[in-house]
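I opened the model today to go through it piece by piece. These are my notes, in the order in which I looked things up.

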Amino acid sequence: MKILFLTLLLYLNITAQWYSVKNPSLPSMWSSVNSIDVCDSSTAIIHLKGDLPRPFYITTDKGETWKLISSPESPDANIVTLTNENNIWFCTDVKIFNSTDSGINWSLQYLDSSKTSFFDYIKMFDMDNGVAVGDAPNSKTPALILKTNNGGKNWVAVNDSFLIGAYSRDQFYPIDFPDFNTGYFFDTWTSKLFKTINGGRNWASIKYPTKNIYMLKFYDNNIGIIITDNWPSTDRLFRTTDGGINWKELSIQSKSSHHDLEFLSGYPSRLWFTDFDKLFFSSDTGTTWTESKLVNGSLGGRNIKFTDSNNGWLLCDNGKIFRTNNNGGVATNIQQNKDENIHYSISQNYPNPFNPTTKIEYQIPAPGFVELKVYNVLGREVATLVNEEKPAGFYQIEFNASSRSAGFSSGIYFYELRAGSFRSVKKMILIK
């Protein structure tokens, strides 16, 4: 009976992981949507495709009600970002607009058609700091990389001699800035992947094991995934854990055109992926995938966004919007007997090999005493990372091997998790 109850509880959590929310009363153009951005568990803004004008709709109550936001002019937005319900930015082909009152009034923050022919990307990291990326206007001038540290009152072009003639193939898919200084740009014209580590002032070409990139998404400056565009042959997926130095090919279940991929906030090993028709989840950074049975028939998935480790949104064509408040059901804490170890786990550290820091994730399904220790090849304990009572949940911890007093040298180490009757040991490699 106990096992049956747990099985039923698991089933209910898995099948109810995403739920449909109300959509605005939209015109026929709602059959095709463009993008969604979110800033907290309650607030989201969506942008429509279709005939002009292409309006925005914003919700501040988790999709219960939506407010129409009129755009200041046509042609309308390509991409939109917001930091709260009042402060919104969006790009047209060559302009950047901002509103500080939830779209009632708009100000033009940037316009220079000689610098770009099309804005592909905009992202505000907070109220002050943001980045925008535009295609090069011709083959002799560079792609436009704009930075702001005052909320867009001033957008400063930081690139003047790199990415000459470069352009992206679509809005935001082959460009990503995981932080204010680290960015990736795939140039469709030359089929080269470029990286910056100083906020876009300098770019260097990095090797990658394929020809065309449809989508790239980075969790941080080390962990990232690229998906190829090999139509009509099978698409391929590659992962890096060292910022693009090395890539590993992984399996992919996609059978149709792919649209978006999103890491679960706070957990780089967990990510969601929509290939337009279906929705997939991975708990091991893309190594294996499980299909989420969200709806019958074609999903029409376009864009996935998570605001934290629990709250996420999925924007689809044909008037479908989905939310989750339990991270898609994949990290729901299920109370059970401590001796049942089926939901205890610890991930492989990343990056691995590492120098000098690496991260380790683990999960426990019930409260209890947790030990996480590091050992050398002789079996001698060299570090204690966790040694205390912990509530049920997911955890991430960083191991820093730079301490001189500890005397860590290059070589093989082992880390062990003990929780309840669960025990697991994994190997990691330090290279100095």
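Entry 1, Thr60. I looked up what Thr60 touches beyond four places in sequence and found Ser42, Thr43 and Glu85. Thr60 sits in the loop between β4 (56-59) and β5 (67-69). Thr43 is 17 residues away from Thr60 in sequence, yet the two C-alpha atoms are 4.2 Å apart.

I am working with a predicted model. The chain has 432 residues, of which 53% count as buried. I counted one helix and 35 strands. The accessible surface is about 19,200 Å², and carbon and sulfur atoms account for 50% of it. Taking contacts between residues at least 6 apart in sequence, I find that 48% join residues at least 24 apart.

The pLDDT averages 82 over the chain, and 83% of the residues score at least 70. Over residues 1-16 the pLDDT is below 50, and this stretch has twelve contacts beyond near neighbours in sequence. Residues 331-342 also stay under 50, with 32 contacts in the model beyond four places in sequence. Where pLDDT is low, predicted coordinates should not be read in detail.

I traced an open sheet of four strands in the order β6-β7-β8-β9, with antiparallel pairing.

I started from β15 (residues 183-187), where five of the five residues are buried, so the strand is largely enclosed by the rest of the structure. Which way do its residues point? Gly183, Phe185 and Asp187 point one way, Tyr184 and Phe186 point the other way, and all are buried. In a regular strand the side chains alternate between the two faces of the sheet.

I then looked at the partners of β15. Strand β14 (residues 175-176) pairs with β15 in the antiparallel sense over two bridges, and Ile175 stands opposite Phe185. The hairpin from β14 to β15 runs through six residues. β16 (residues 192-196) is antiparallel to β15 and joined to it by five bridges. Phe185 stands opposite Phe194 in β16. The hairpin of β15 and β16 has four residues between the strands, and Ser191 there takes a positive phi near 55°.

Entry 5, β18 and β19. I found six of the six residues of β18 (residues 213-218) buried. β18 pairs with β19 (residues 224-228) in the antiparallel sense over five bridges. The two strands form a hairpin with five residues between them. Leu216 has Ile226 as its bridge partner in β19.

I traced another open sheet of four strands, ordered β22-β23-β24-β25 and antiparallel in its pairing. The edge strands, β22 (260-264) and β25 (290-292), each pair on one side only. Neighbouring strands are turned by 30° against each other on average, direction ignored. β24 (residues 279-282) runs antiparallel to β25 and is joined to it by three bridges. Phe280 stands opposite Glu291 in β25.

Which residues have the most contacts inside the largest core? I listed Tyr362, Leu372, Val374, Leu385 and Phe399, in a core of 24 residues. The elements that give two or more residues to this core are β30 (357-364), β31 (368-376), β32 (381-390), β33 (393-400), β34 (411-419) and β35 (422-430). β34 gives the largest share, four residues. I also looked up Tyr362, which touches residues including Leu372, Val386, Phe394 and Leu417. A second, separate core has 16 residues, among them Leu237, Leu271, Trp289 and Tyr350.

Notes
Residues numbered from 1 in each chain as written. Predicted model: local features only at pLDDT ≥ 70, side-chain atom pairs only at ≥ 80, totals over all residues. Heavy atoms only, no water. Pairing = 2+ DSSP bridges. Buried < 20%, exposed > 50% of the residue type's maximum accessible area, 1.4 Å probe, protein only. Contact = heavy atoms within 4.5 Å. Areas by Shrake-Rupley, 256 points an atom, 1.4 Å probe, with all protein chains shown as cover. pLDDT = per-residue confidence, 0-100. Core = buried A, V, L, I, M, F, W, Y, C linked by side-chain atoms within 4.5 Å. Axes fitted to C-alpha atoms, helices over the stretch in contact; angles between N-to-C directions.
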